[in-house]
Amino acid sequence: MSYLNQNLAEFNYLKHLVLLYGDGKNPWTKERLKYYVAHLCNDGKPDDWLFDSFLFINTKSTSGRDYVADINLGKSMSGEGDFFTICSPNPANKLDWENLLDFYFGEDGALSTLDETIKELSGVITPPQSLRNVVLTLPYPHITQKEFGILNPNGKILNFSVTGQNLTQATRSRLEAEIWFVERIVDLWSKARFSNINLLGLYWIFETVYRSWEIDDHFLLKELRKHINSRGLKFVWIPFYATYNFHLLENYKDYYFDIAFLQPNFLFYKNGKCIEKAVTVAKKTGAGIELEYYMDLDEPISIKNEKHLRFRKYLNAGVTHGYMTQSACAHFQGVDSLEKMYHHPDPIEREFYEDIYLFVKGTYQAKPYPPVPSGSYFIPRKRVAISIDLGGTRLRMGVVDALGKVIHYRQESTPKTRQEIIDRIVINVKEGLRFAKAEGFKVIGIGISTGGRVDFENGVIVDSTSLLPDWKEVPIKKIIEEQINIPVFVDHDGHCAALGERSFGKGKSSSNFISIVLGTGIAGGIYVAGKLLRGTSNFTSEIGHISVDPSGPKCSCGSYGCVELFSSGSGIERWAREKVLSGVQFGNVKDLSAKAIGDAARSGEIFAIDLLKSAGEKLGVAATGLVNVFNPDLIIISGSLVELPDIYFQAFEETLRRRAIRPTADKLEIVFSDFSQDAGVIGAAALVFGQIEYDGCQNNMEQPDNRGGADD
Ligand SMILES: [Zn+2]
């Protein structure tokens with residue numbers, strides 16, 4: 001078997017059906033409906049159609065009486081065992097049912113508004129090839145309703161309960177009310193003469209089919225369906241994830257319904273169900289799949305992120321399990337979620353809006369979680385991070401937006417003493433705040449990218465190398481937060497650069513990459529399976545201190561022959577000086593900086609060419625070890641040394657490719673970062689956005705067993 005196929009002529013080419021929850025107090029307007037009918041560009045103009053089918057659902061009447069019954073699911077939400085219908089103590093009556101008809105068919109009702117919305121948009125977008133489908137909800141006939149109302153002048157007051165009558169009589173009364181309602185819909189529809197919508201069918205709002213000594217929904221549904229079909233309409237159902245319902249789904253087309261979508265119920269419950277299992281059942285029974293993506297913006301951030309994670313899985317599973325393009329899909333989205341996503345300042349929400357559009361169009365591609373902000377869509381109130389990049393030579397400050405764009409920048413020489421560095425960082429942060437305030441941006445955090453070993457949890461610089469000799473035991477997070485009431489995050493510069501690549505740069509498409517920053521020293525960051533390696537104490541990625549010559553010079557770290565002593569900016573200068581002192585002839589012995597050596601190599605100076613070639617080889621040797629151990633598919637090079645001549649990088653790559661284990665090296669790509677000098681400030685901003693936006697989720701990802709179900 002397969003899913004309920006999408007795009008079938010018998011269902012008027014139904015592909016993606018969106019559930020539109022409403023109530024009489026909040027009628028559907030063109031302004032609200034346009035977010036479902038069309039996709040909107042950044043400037044708010046429609047450029048394409050969105051959902052092809054619309055299901056209107058009201059759960060309560062304007063008087064507060066219930067159209068829908070609950071299922072007793074027990075405490076476990078397991079969908080196993082003893083569940084039954086819980087009818088409302090306040091059930092809707094005939095008047096409420098008529099109000100619902102009015103909600104659908106009234107002068108400014110949902111249907112004429114939808115028809116009008118599509119008509120107006122058809123003047124802007126090429127009209128769709130088939131009429132958009134509408135499905136209308138039938139209210140549930142509660143057995144607690146003893147006085148529903150009178151349906152025809154000589155009739156009696158309908159009683160849905162077994163009080164004073166037997167079950168057959170009660171069920172026939174319930175059926176009579178439903179058939180009356182169907183006939184009213186058929187009649188009102190034919191009179192309305194809508195030109196842009198097609199009445200595809202009617203929806204059974206109760207999520208299982210139940211029979212007991214006082215309820216017989218089996219009989220009711222079989223008879224009701226015959227009547228609905230006789231009017232050329234389809235009967236639609238979206239059952240809850242439950243073993244009992246799987247059994248009903250096996251025969252749903254024979255007995256009860258024409259169209260059914262299985263709700264995986266993956267989003268709502270702490271112990272979410274498994275999408276894979278729902279897919280298996282849907283395929284076995286010929287059902288469609290429902291996606292659930294309710295973005296309640298007021299919920300705590302950890303839950304919000306869990307919802308992001310789970311919705312991302314829904315979308316991704318649509319690709320891996322094929323339901324995006326093969327199966328008819330129902331989309332549960334709460335109330336006005338697409339409108340909220342479209343206008344949301346959080347780029348994650350905004351990105352979901354675009355992804356839903358791509359999903360409906362069938363061109364969405366699975367994305368890793370956490371999602372990375374991408375594209376250049378409009379973000380209403382711009383949120384920014386202030387970044388400090390403290391290197392051995394330069395102190396840089398940037399104001400960076402949520403898409404990784406540097407919108408304000410300044411740099412100065414790194415001061416010498418601990419106190420001077422602290423003072424200059426504070427002054428630069430205040431300058432960033434002043435700029436952000438003047439531009440009307442909201443500063444969500446301050447990120448500091450620094451050389452040295454960093455206690456990431458507490459924001460303390462623990463220790464440093466000779467490049468920043470006085471920079472140790474600095475509780476920089478505490479110092480700044482005491483002066484400025486904005487959260488501060490501090491990390492090693494190599495880590496920050498890797499975070500920046502992952503969020504905004506060439507690392508966006510790779511889960512296993514190594515970022516190497518070549519500056520005064522050499523730092524790096526290693527991503528494995530989409531996570532930055534931090535090790536026991538956050539002291540990972542000291543790539544500069546991989547020894548490439550055990551008998552080489554002593555390093556400030558205590559080891560000998562570290563690659564930083566040969567291949568970094570300071571290393572190239574040191575090595576050049578060592579060679580000059582040992583008697584090698586070189587024209588300009590006064591300036592032996594890496595930049596000067598690079599210039600000399602470009603002008604053909606043999607000494608400089610040889611030195612850079614050797615420096616590149618040493619770096620290649622160090623990287624070979626990393627590649628053999630971590631098996632990345634990508635190495636991203638950034639830092640000030642990217643300005644060096646090609647000879648250095650050719651020697652690096654040739655050495656690495658020659659030495660690394662064959663199958664590992666074959667799949668490896670080596671690229672330059674897009675960020676050059678900005679890698680540090682962009683990375684420090686990625687640190688801030690990552691901590692503030694994604695932190696709860698990353699924690700959740702580490703506990704798949706008790707949270708995410710088996711889909712992890
Ligand atoms: Zn070292």
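Helices (H or I, at least four residues) and strands (E, at least two) are DSSP runs, numbered from the N terminus. The model is predicted, and local features need pLDDT of at least 70, whereas side-chain atom pairs count only at pLDDT 80 or more and totals for chains, interfaces and linings use all residues. Residues are numbered from 1 along each chain as its sequence is written, and side-chain values use heavy atoms, with hydrogens and water left out.

Within this scheme, D463 is placed in strand β18, which spans residues 460-463. With a relative accessible area of 27%, D463 is partly exposed, a class that lies between buried (under 20% relative accessible area) and exposed (over 50%), as computed with a 1.4 Å probe on protein chains only. When residues up to four places away in sequence are not counted, D463 touches G452, R453, W471 and K472, contact being taken as heavy atoms within 4.5 Å. The C-alpha atoms of D463 and K34 are separated by 57 Å, the two residues being 429 residues apart along the chain.

Eight strands form a closed barrel in the order β1-β4-β7-β8-β9-β10-β11-β12, with parallel pairing, where two strands pair if DSSP finds at least two bridges between them. Neighbouring strands of this sheet are turned by 30° against each other on average, direction ignored. Strands β11 (residues 288-292) and β12 (residues 329-332) are paired in the parallel sense over four bridges, and L291 has H331 in β12 as its bridge partner. Helix α1 (residues 30-37) lies across β1 (16-22) and β4 (53-58), running at about 155° to β1; axes are lines fitted to C-alpha atoms, for helices over the stretch in contact, and angles run from 0 to 180 degrees between N-to-C directions.

The loop between β7 (132-138) and α4 contains S161, which counts as buried at 4% relative accessibility. Beyond residues up to four places away in sequence, S161 touches I143, Q145, K146 and A170.

Helix α4 (residues 167-192) also packs with helix α5 (residues 217-230): their axes come within 10 Å and cross at roughly 25°. The two helices are therefore roughly parallel to each other, the term being applied to angles under 35 degrees. The contact joins T171, R172, R174, L175, E178, I179, V182 and E183 in α4 to D217, F219, L220, E223, L224, H227 and I228 in α5. These residues divide into seven nonpolar, two polar and six charged.

A second sheet is open and consists of five strands in the order β22-β21-β20-β23-β24, with mixed pairing. Strands β22 (531-532) and β24 (669-672) stand at the edges with a single partner strand each, so one side of each is left without a neighbour in the sheet. Strand β20 (residues 513-518) runs parallel to strand β23 (residues 634-638), and five bridges join them; S638 in β23 is the bridge partner of V517. Helix α15 (residues 493-504) lies across β20, β21 (522-528), β22 and β23 at about 50° to β21, while helix α19 (residues 606-630) lies across β20, β21 and β23 at about 15° to β21.

In helix α18 (residues 594-602), the buried residues are A594, A596, I597, G598, A600 and A601, and the buried residues of α18 pack against α17 (569-581) and α19. Helix α18 is followed by G604, whose phi is positive, near 90°.

Conventions
Parallel < 35°, antiparallel > 145°, perpendicular 65-115°, else oblique. Nonpolar A, V, L, I, M, F, W, Y, C, P; charged D, E, K, R; others polar.
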